[in-house]
Amino acid sequence: MLLISAFTLARATNIPLADRKSGSDFVSPDTRAMQDDDTANPGMLAVLDGEMLWREKAGTTEKSCADCHGDAKGSMRGVAAHYPTFVPALGRPLDLEQRINLSRVTDQKAAALPFESRELLALTIYIARQSRGMPVGAVEDAQTKPFIKAGREIFERRQGQLNLSCALCHDDNWGRRLAGNLVPQAHPTGYPIYRLEWQEVGSLQRRLRSCMSAMRAEAYGFDAPELVDLELYLMWRARGMPMETPAVRP
Amino acid sequence: MGGVRATENAMQRRTAAMTTSGAMLGIALFMSGAATAQSPVATGEMLTFERSKGNCLTCHETRGGDSPGNVGPALLDMKSRFPNRNELAAIIFDETKRNPLTVMPPFGRNLILTKQEIESVIDFLYTR
């Protein structure tokens, strides 16, 4: 039994770097056109929300993000492409949503924003928008290595009533169809995304959780370290690919 | 969506079948047997197409199914390809026993379908 599960973990074939494709290559031409046109991309409304929140004073310090970071177009350029990032004070990686909340609590002395709230999504998508077109900068080093490994183990582990792993679909069967839909390679280069099925913007954690529910597995809760490990592994797997936030998905 | 449509189709066919059998066999049988009048093949079709049950269509094409997938092979000529019913039942129950690397969910082992439901699915697949 042990041998079989070790074999199962080890077998998933990684997609060669040159064969990687963005999720945008798997959507319909209409959806792609919607993503590529800022005046048609519904995710841009959240970006505009985020731009306002960036300048809004919060917490007992009465400071806005802009009061310290200035114009996000300059100070936040390329930042989201490096998230999740290792935070030495915590000894573990945080994703962009968590990093925004850390700054709210420690710098602005404001309450953390709830995961998946309109405000947190708006700030995240606004910051991530400043990295559009820039390469994903996740690196494997002494600090990130154990967390990338942990994320990879979750990606390749069979789970849930359907006994599936993420890798069985997204490494081994991308380009085939599930219930009529093309299976993408799962490179999270466009998050937060506007998902037509949701009719709203959502985070990568939300997307990962809904994938787990679809496998009939118990999803990790929002903010769970396991989800951040998985996010980090996926971004490392997508290293060098261009950021596309806000992406539009079916 | 496809599952809902497929279920609607199956329900329409079932209703039509019940109407016919009601006319042919008499009102008494229709009234007492309406709930159990469904044939094993119709039950199997419902289980095969229903997203929350067998959900075969998500990965396999077959005749009459909307929005199929192609992660697994098409479910066609099943009787000639699997003349041994037990072999097909074993694949649906837990294909990981034969192939530990398969992507196919173990429908029996993980209690997605009962043994009886697997038999109904085979009844339906043998008509494809």
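This is a predicted model: local features need pLDDT of at least 70, side-chain atom pairs count only at pLDDT 80 or more; totals for chains, interfaces and linings use all residues.
**Ground rules**

I number residues from 1 along each chain as its sequence is written, and chains are lettered from A and ligands numbered from 1 in the order in which they are written.

**Entry 1: confidence**

I began with the scores of the model, which are ipTM 0.84 and pTM 0.86. A contact here means heavy atoms within 4.5 Å.

**Entry 2: chain A as a whole**

I then turned to chain A, which has 11 helices and seven strands; these are DSSP runs numbered from the N terminus, helices being H or I of at least four residues and strands E of at least two. The radius of gyration of chain A is 18 Å, close to the 18 Å that the globule rule gives for 250 residues, so chain A is as compact as a globular protein of that length. That radius is taken over C-alpha atoms, and the rule is 2.2 Å times the number of residues to the power 0.38. Along the principal axes, the C-alpha atoms of chain A fill a box of roughly 60 × 45 × 30 Å.

Of the 250 residues in chain A, 49% are buried, where buried means under 20% relative accessible area, exposed over 50% and partly exposed in between, with a 1.4 Å probe and protein chains only. Among contacts in chain A between residues at least 6 apart in sequence, 68% join residues at least 24 apart.

I next listed the backbone exceptions, since most residues other than glycine have a negative phi and most peptide bonds are trans. The peptide bond from A:Y83 to A:P84 is cis, with omega near -5°, and A:P84 sits in the loop between helix 5 (72-75) and strand 1 (85-87) of chain A. The bond from A:T245 to A:P246 is also cis, with omega near 0°, and A:P246 belongs to the loop between helix 11 (225-237) and strand 7 (248-249).

A:K109 is not a glycine, yet its phi is positive at about 55°; this residue lies in the loop between helix 6 (96-108) and helix 7 (118-129) of chain A and is partly exposed, at 47% relative accessible area. In chain B, B:D77 likewise has a positive phi, of about 50°, without being a glycine; B:D77 is in the loop between helix 3 (40-49) and helix 4 (78-81) and is partly exposed at 49%.

**Entry 3: A:A110**

Lastly I looked at A:A110, in the loop between helix 6 and helix 7 of chain A, which counts as buried at 13% relative accessibility. Leaving aside neighbours within four places in sequence, A:A110 is in contact with A:A58, A:G59, A:R104 and A:V105.

Notes
Side-chain values use heavy atoms; hydrogens and water are left out.
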